[in-house]
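I opened a notebook page for this structure and wrote down each thing as I looked it up. The entries follow the order in which I worked.

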Amino acid sequence: MASETARHSVDNSSDKRLRQHSLKIALIVGDLSESGAGRWGGGVRPFLLTQALQQLGHQVTILGFRPTEEPALPSTDTLPIIQFPRCQYPQMLGSTWRLLRQLDADILYAYKPKPTSFGVGLWKKLVTRWPLILDIDDWEMSWFGGEAWQYQPNFKQLLRDVLKSDGGLRQPEHPFYLKQMERLIHRADAVTVHTQFLQHRFGGTYVPNGKDTTLFDPARYDPAQTRQQYGLSDYWIIMFPGAPRPYKGLEDVLAALDILQDERLRLVIVGGSPYDNYDQKLLEKGRRWIIQLPKTPYEDMPALISAADLIIVPQRETSAAQAQFPLKLTDGMAMAKPILSSRVGDIPEIMGDTGYLVDPGCPEQIADKIQEIFQNLELACAKGLKARERCIKLYSVDSMSVRLSKVIDSLGYSS
């Protein structure tokens, strides 16, 4: 172990600090399930980080946990993924130990401040002194009431949480553990965040999500063909290419469509929710307006988005929404689509003057903007072209690589 520590420690050795060749980076992901980082394949944060790091010439391996009842994510020579069973404590400790034994890297990169990622990275860093970067793409405690959440069980409740097979403290992502992880963020050698909300809260380097603007290039796709393929040719398509959740404001869009009463309009939802039955609630509220398309592989998403007339991202004003960078926003920007979104979090700054904004939770404003966009579609499409230019400049994988390069340099490496 001593020799391993010496090999990986960041010290004053000039050959290590001036090193130019490829680094081995282990990206630790706590949840590779279909409702976690595995839900959109190459389109979510860990895979974007991997792509950006690979563009810098580094060797990246993803290591993480996935439920045994789900098929393993495909691992390739260009994208190696090592997966271990995701289960409850105490069995999870065995999976964690197996992952720790597989870790071999110049740099550890933990995705999310969770015990199954950051906690694993901290333990390996303690033993080996390898540098550890933490990526924060969400405020995990926002799902549990934020700073107001407290764990104050009585003795019987504590016993139940520890001893029962479904006890709360047997869950690796119980908020008690998440809160402890937040208190240890300062132990990371570097922190990357993808929104200014998170930067203000946790510090770190701003590394917004990048889009593969070569894959997401409207010149490569035929919108008319895709419309015909999915039976969309007879409608004006307002598309939400993401996973519906209450804070994402789709009920406001349905209310806006009820106001407009225009039978040419349809809200197309791609993939549905991997979390719960919220899709059914939306259908009950607005079946008349909704066309739901099946889950689509990441590499096929650009063709599907090409069929849209308008991309809509109607976030509501919640702490969860403020902390997030909606990937569907840059989906639409890269594909040069008109975009209608709400003034929440980083969205106004991401879009600049290239899209349309409304106040959160305002169906009347959404209705007015939809009407304005379709009455002036040429102007809206011109904004879409400007949005693609902005995406290439500020929110591409290339721009993500530049920011990550500086983070790696800060650790004493030259990327």
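This is a predicted model: local features need pLDDT of at least 70, side-chain atom pairs count only at pLDDT 80 or more; totals for chains, interfaces and linings use all residues.

Entry 1, two helices. I looked up helix 10 (residues 250-260) and helix 11 (residues 278-286) and found that they pack at an angle of about 15°, with their axes 10 Å apart; the axes are lines fitted to C-alpha atoms, for helices over the stretch in contact, and angles run from 0 to 180 degrees between N-to-C directions. That makes helix 10 roughly parallel to helix 11, since angles under 35 degrees count as roughly parallel, over 145 as roughly antiparallel, 65 to 115 as roughly perpendicular and the rest as oblique. On the helix 10 side I noted Leu 250, Glu 251 and Leu 254 as making the contact, and on the helix 11 side Tyr 278, Lys 281, Leu 282, Lys 285 and Gly 286, where contact means heavy atoms within 4.5 Å.

Residues are numbered from 1 along each chain as its sequence is written, and side-chain values use heavy atoms, with hydrogens and water left out. Helices (H or I, at least four residues) and strands (E, at least two) are DSSP runs, numbered from the N terminus.

I traced an open sheet of 6 strands in the order 10-9-8-11-12-13, with parallel pairing; two strands pair if DSSP finds at least two bridges between them. Strand 10 (290-293) and strand 13 (356-358) stand at the edges with a single partner strand each, so one side of each is left without a neighbour in the sheet. Between strand 12 (residues 339-342) and strand 13 I found 3 bridges, and Val 358 is the bridge partner of Ser 342.

Helix 11 lies across strand 9 (265-270) and strand 10, and runs at about 155° to strand 10. Helix 16 (residues 363-375) lies across strands including strand 8 (236-240), strand 11 (310-313) and strand 13, and runs at about 165° to strand 13.

Not counting residues up to four places away in sequence, Ile 290 touches Leu 254, Leu 267, Ile 269, Leu 282 and Leu 283.
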